[in-house]
Amino acid sequence: CAGSGCHNTQDKAIAGGLDMSTWDHLFEGSIKGTVVVPFADKFSSLLYVTNTDTMEGVVGLPAMPYELSPLSRSEYLVLRDWIISGAANIKGDVKYAENASRKKIYISNTGCDVVTVLNAADKKIMRYVDVGNNAIINEGPTIVEVTPDNSKWAVIFSNTNIIQIYDAGSDDLISTVTLPAGVWTDMVLSGDSKKAYLCDNSNGIIVFVDIESGQLLTSYNYGVSLGGLALNSNEDTLMVTCPSLGYFYKVSVTNPANYDIVDLSSSGSVTNPTQIVFTPDYEHYLILCNHYADQEIRVYNAITDRYEESIHLYAATSRMAVASNSNLLFVTCENDNFFPGVEGSVRVIDLSDYHEVIKIKAGWQPYGIKVDENEGLVYVTNRNHSGTIYPPYYSAVCAGQNGKLSIINLNTYQ
């Protein structure tokens, strides 16, 4: 930075956008994002640039205060301990703690065993929640879902056999449920917010979990790897894809041993089906098919299970999300090269006739995607795990490069 006051209101434009003149301004962050996250010293970049000792954590450059004497160790520890204790103001107020019912956005961080919590109103990072129960290994949180009644959220892992359930008001852990051995890659919650259904990509296991009591209700081993799952309109049948064999199961939610098999190969080559979603009217379901010859979404009649048509994307797809009121489907294509110099795109599909509306440039390697129709926004998490076009400004304690978040306006696609 440069300027007479540097990180104040007058000079923040030439100081990375960071205004530290008041406690409230500090939490507005900089052009690079949030610099102080209450209770999260490992992810508060203000500590990176004021730290000069690698034994204490990340050392960021340029060191601050700029071209002045660095903080002494005792001064740095005072700052660090203030953040660890919540970074309260002189009145003892902790940022974002005044409203437990505020709307939040939850993002799983696979490389670091944390869930990032954003305040939906200002899109600022408000908390980091440590998840998992093994401090020695990286447990790899994969999917995080909020219950429909917004009272709880649940997270599953690829490298540990648990599901954890948290209070959505306080973000405190409620229960940890032990699962059979597997790689847990997808989860769907019941409309009454009482049950979670999970599938395993390794051993082929489905489990049903009672969210309220924190108990494992039942499990069933199908013996083949499973991809994604979805509930039908009546929530009496679970649709579960089987990527390796090109079919999916229609499973009774009252007894997972009671199931039918729908063979997808009748509509073409083995399809490698992964994620499955329903159209807003539940008359059709859509299956991501990432077989090298396909790279498409296949449309099936939900009553007859008959194949109707394919949406050809010609790019490997990652995740889908439906905008029910707009009757649109958003699809992330992590490695698409349609936009010069950018890896990845988001495709928008009109579900009335299945044509592609537009391709959207949404950061580097878009992967996870969620639609918020109340706010008119689409959230896209960018993996940013390879390539150097978007290197991290500061690398945190997690492995690899920092992920990013892109936000798309649902109406303008900008």
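Keep in mind that the model is predicted.

Let's start on the inside. In soluble globular proteins, nonpolar side chains tend to be buried together. Here the largest nonpolar core has 17 residues. Those with the most contacts inside this core are Tyr-197, Ile-206, Leu-226, Leu-238, Val-240, Tyr-249 and Val-251. Which elements give two or more residues to the core? They are β9 (195-200), β10 (205-210), β12 (229-231), β13 (237-242) and β14 (247-252). Apart from this core lies another one, of 16 residues, including Leu-179, Leu-189, Ala-196 and Val-207.

Tyr-249 is worth a visit of its own. If you set aside its neighbours within four places in sequence, Tyr-249 is in contact with Tyr-222, Val-224, Leu-226, Leu-238, Met-239, Val-240, Cys-242, Tyr-259, Asp-260 and Ile-261.

Now for the aromatic rings. How many aromatic pairs does a search of the whole structure find? Take Trp-153 and Tyr-166: this pair is stacked, with 4.2 Å from centre to centre and 5° between the planes. Trp-153 belongs to strand β5 (residues 152-157) and Tyr-166 to strand β6 (residues 162-167), so the pair ties together parts that are 13 residues apart in sequence.

Tyr-247 and Tyr-249 meet in another way. Their ring centres are 5.5 Å apart and their planes sit at 85°, so this pair is edge-to-face. Both of these tyrosines are buried. Elsewhere, ring pairs link Phe-248, Phe-278, Tyr-282, Tyr-285, Tyr-300 and Tyr-307 into a cluster.

Next, have a look at helix α3 (residues 73-84). The buried residues of α3 are Tyr-76, Leu-77, Leu-79 and Ile-83. Why do they end up on the same side of α3? Because they cover an arc of only 160° around the axis. These buried residues pack against α2 (45-50). Over on the other side of α3, Ser-74 and Val-78 are exposed. After the helix comes Gly-86, with a positive phi, near 120°.

Finally, follow the backbone itself. The peptide bond from Leu-61 to Pro-62 is cis, with omega near 0°, and so is the one from Met-64 to Pro-65, again with omega near 0°. Where do you find these prolines? Pro-62 lies in the loop between α2 and α3, and Pro-65 is found in that loop between α2 and α3 as well.

Two residues other than glycine have a positive phi to look at. Lys-123 has a phi near 60° and sits in the loop between β2 (114-119) and β3 (124-130). With a relative accessible area of 27%, Lys-123 is partly exposed. Asp-305 has a phi near 65° and lies in the loop between β18 (296-301) and β19 (307-312). Buried means under 20% relative accessible area, so Asp-305, at 19%, is buried.

Definitions and conventions: Residues are numbered from 1 along each chain as its sequence is written. This is a predicted model: local features need pLDDT of at least 70, side-chain atom pairs count only at pLDDT 80 or more; totals for chains, interfaces and linings use all residues. Side-chain values use heavy atoms; hydrogens and water are left out. A nonpolar core is a set of buried Ala, Val, Leu, Ile, Met, Phe, Trp, Tyr and Cys residues joined through side-chain atoms within 4.5 Å. Buried means under 20% relative accessible area, exposed over 50%, partly exposed in between (1.4 Å probe, protein chains only). Helices (H or I, at least four residues) and strands (E, at least two) are DSSP runs, numbered from the N terminus. Contact means heavy atoms within 4.5 Å. Rings of Phe, Tyr and Trp (its six-membered ring) pair if their centres lie within 6.5 Å; planes under 30 degrees apart count as stacked, over 60 as edge-to-face and the rest as tilted. The arc is that of the directions from the helix axis to the C-beta atoms.
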